[in-house]
Amino acid sequence: MFPTVNNALAQPAAPGFLETITNGFNAFVDVLSSIVFYAPKIGGVEVPLIVLWLLAGGIFFTVYLSFQQLRVSSLRHSRRLVKGEYTRHTDPGEVTSFQALATELSGTVGLGNIAGVAVAIGIGGPGATLWIILAGIIGMALKMAEATLGVKYRVVDEDGSTSGGPMYYLRDGLAELGHATLGRILAAIFAIATVFGVTGAGNMFQSNQAAAQLIYITGGDQGYLGGKEWAIGIVLALLAGFVILGGIQKIGAVTSKIVPFMALLYLVMCLFVIIPNVHHIPWAVEQMFESAITGRGIAGGALGVMIVGLRRAAFSNAAGIGTAAMAHSAVKTRRPATEGFVAMWEPFVDSVLICTLTALTIILSGVWQTNPEVEGVQMTAAALATSVSWFDVPLTIAVALFAFSTVLSYSYYGMKAVGYLFGGSRRAEQTYNVIYILLIVVGAMAPLEQVINFSDSMFFMMALPNVLGLYFLAGIIKKEIIGHRVKVDAGVISIVPEEEQASAANTSASDSDPSHVDVAHAETVAAFEAAAEARYDALQAIEDDSVSDEDTEAARLAAREAASVAVETAQAARAITEAADDETGMVPEEHPVDPLQAGHATEPSVGNDDEEAETEESVQQQA
């Protein structure tokens, strides 16, 4: 009889330290996920509150900004902004508007468009597509709002590098409104959520999915790449590291080439299915509307279809998450609203164009009915295979490119969040980049279900402080957006000469280091433009009886200050030009005149009746 020994043998062994940590982490993730994705039942359908939070923000700014994303004049103006017609290559910033657009699209266009739409149709039928499209259109207003603030509250360092995003406009914008403490808290929450959110979703998940698709296409576990996830991860990490360590300029240059290529590749594949069935498109559209209204085949009927579509759109276009504000804060521009009009295209391209392409391909092919057991990317692959049997190869290439481009853009978002948390430390940012690159290999090799769940939760947590901050700063957003449109329509803001534009076509000017004389000239022109815009604001305030006396006087004062800045800038420019070498346009190092710093002409600016004419004449003389 050995009762003590027998009892001891029957007792389970105490969990080790690593197991305890793992269990604790898993429990934490479960709680966090249940909070972020809390979904009470409405009409028998689980409705995630985070989806309603984003949808409400999109609807509010769509109405508050007077439906700017649906106006033909706004769409025409935004197209010119994407081409760089209103910005100079000497403007403060690091990338062009098109490069920022490509960077943000590289992070949103991906598996959500290929697999996510297929999942939505598999669950909710073709009707889910309509809600994805609607959510994309509404999301355009959210992207417009956050990108505008991203530029307005960015920080431009002396070396020309930029730092911006929700953490900066939450901190500084709310401080301007008298809510400094709340702003700092929201900014810190956003930055922390960003670091963890983009790290898992942006590198580990992407490398994991890319490796899985490459192994599948080469014969599965028994194929050439079977069991070689580590090799795929290393190759992906090396390629990504080469770009990531080059900073936002390298990322923007690469994504601006990858995004159009992968979008074109995917478009061509889809058209092989759509064009032969073009006469069935009216039927496909009818299926979308009928399914959306009746909701047959899904719990909750029409409401269930709506929630499925809205949820997939939220996961796909990231409107309201805040990443667009970080991408566009690096753009060469002096007017924050320009990037609002550029960023609004991102949900349109993502959720309206590409998601619709996927949906039409799946619906017209009929695989959603003939092969209902097939899910996600396999459903899209099956749809493409109905036209060309070997389209799984280019689809794999597209998936790999989508994953790679997402890895690039998300690294920048995480790096900037780390930089904010560590007071702008370049060492901290570079350390994060190295860790981020190494985790690409880990992601390709290991099943990381809980890590991905944690990242998803943190990623969507970013929307909580971001959208809340947008509500607080709505007045500033509207002033920038509507004010910009009014000045463009009035001719106060005009197109920049082609040779000076910050455009993808004008690469020679964008890549070169401008001379001191070039900078001085650009600053002078920018100062004149700021003075003209400020004078216009002052005259509008004087003529509008609804504007208070205090605001009118503030506008007049801003106009006088802007005119004074223009005079000072012109004087400094003349001194620099006279002191510079005729051939290079550079000021000798020993000369006491310092070159104008980029951004000098963007000080709060803008004429006064009697003094205005005298100042304007002085400005013209200096010019």
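Where is the place of Ser411? I looked it up and found Ser411 in helix H19, residues 392-421.

**Ground rules**

I noted that this is a predicted model, in which local features need pLDDT of at least 70, side-chain atom pairs count only at pLDDT 80 or more, and totals for chains, interfaces and linings use all residues. Residues are numbered from 1 along each chain as its sequence is written, and side-chain values use heavy atoms, with hydrogens and water left out. Helices (H or I, at least four residues) and strands (E, at least two) are DSSP runs, numbered from the N terminus.

**Entry: Ser411**

I checked the accessibility of Ser411. Ser411 counts as buried, at 0% relative accessibility. Buried means under 20% relative accessible area, exposed means over 50%, and partly exposed lies in between (1.4 Å probe, protein chains only). Thr199 is 212 residues from Ser411 in sequence, and their C-alpha atoms are 7.4 Å apart in space. Leaving out residues up to four places away in sequence, Ser411 touches Ile244, Ile251, Tyr432, Asn433 and Tyr436. Contact here means heavy atoms within 4.5 Å.

Ala193 is in helix H9, residues 180-217, and counts as buried at 1% relative accessibility. From Ala193 to Phe459 I count 266 residues in sequence but 6.3 Å in space, C-alpha to C-alpha. Apart from neighbours within four places in sequence, Ala193 is in contact with Met458, Met461 and Met462.

Ala522 belongs to helix H25, residues 516-543. Its relative accessible area is 5%, so Ala522 is buried. Arg88 is 434 residues from Ala522 along the chain, with 8.0 Å between the two C-alpha atoms.

**Entry: H4 against H15**

Two packed helices are described by the angle between their axes and the distance between the axes. At what angle do H4 and H15 pack? I found about 105° for helix H4 (residues 72-82) and helix H15 (residues 336-343), with the axes 8 Å apart. Axes are lines fitted to C-alpha atoms, for helices over the stretch in contact, and angles run from 0 to 180 degrees between N-to-C directions. H4 and H15 are therefore roughly perpendicular to each other. The cut-offs are under 35 degrees for roughly parallel, over 145 for roughly antiparallel, 65 to 115 for roughly perpendicular, and oblique for the rest.

On the H4 side I listed Ser74, His77, Ser78, Leu81 and Val82, which meet Thr338, Phe341 and Val342 in H15. By class, this contact of H4 with H15 has four nonpolar, four polar and no charged residues. Ala, Val, Leu, Ile, Met, Phe, Trp, Tyr, Cys and Pro count as nonpolar, Asp, Glu, Lys and Arg as charged, and the others, Gly among them, as polar.

I also asked how H15 is covered. Eight of the eight residues of H15 are buried, so H15 is largely enclosed by the rest of the structure. The cover over these buried residues includes H4, helix H5 (97-108), H7, H14, H16 and helix H23 (474-490).

**Entry: H7 against H12**

Helix H7 (residues 128-152) packs on helix H12 (residues 281-294) at about 90°, with axes 7 Å apart. That makes H7 roughly perpendicular to H12. I listed Thr129, Leu130 and Trp131 from H7, and Met288, Phe289 and Ala292 from H12, as making the contact. By class, the contact of H7 with H12 has five nonpolar, one polar and no charged residues.

**Entry: H16**

Helix H16 covers residues 345-365, and at 1.5 Å a residue its 21 residues should span 30 Å; the end C-alpha atoms are 29 Å apart, which agrees. The expected span is 1.5 Å times one less than the number of residues. I found a kink of about 30° in H16, centred on Cys355. The bend at a residue is the angle between axes fitted to the seven residues ending there and the seven starting there. Of the 21 residues in H16, 17 are buried, so H16 is largely enclosed by the rest of the structure. Gly366 follows H16, with a positive phi near 85°.

Most residues other than glycine have a negative phi. I noted two residues with positive values. Phe67 is not a glycine, yet has a positive phi of about 55°. Phe67 sits in the loop between helix H3 (49-64) and H4, and counts as partly exposed at 41% relative accessibility. Ala318 has a positive phi near 60°. Ala318 lies in the loop between helix H13 (301-317) and helix H14 (323-328). Is Ala318 buried or exposed? Ala318 is buried, with a relative accessible area of 4%.
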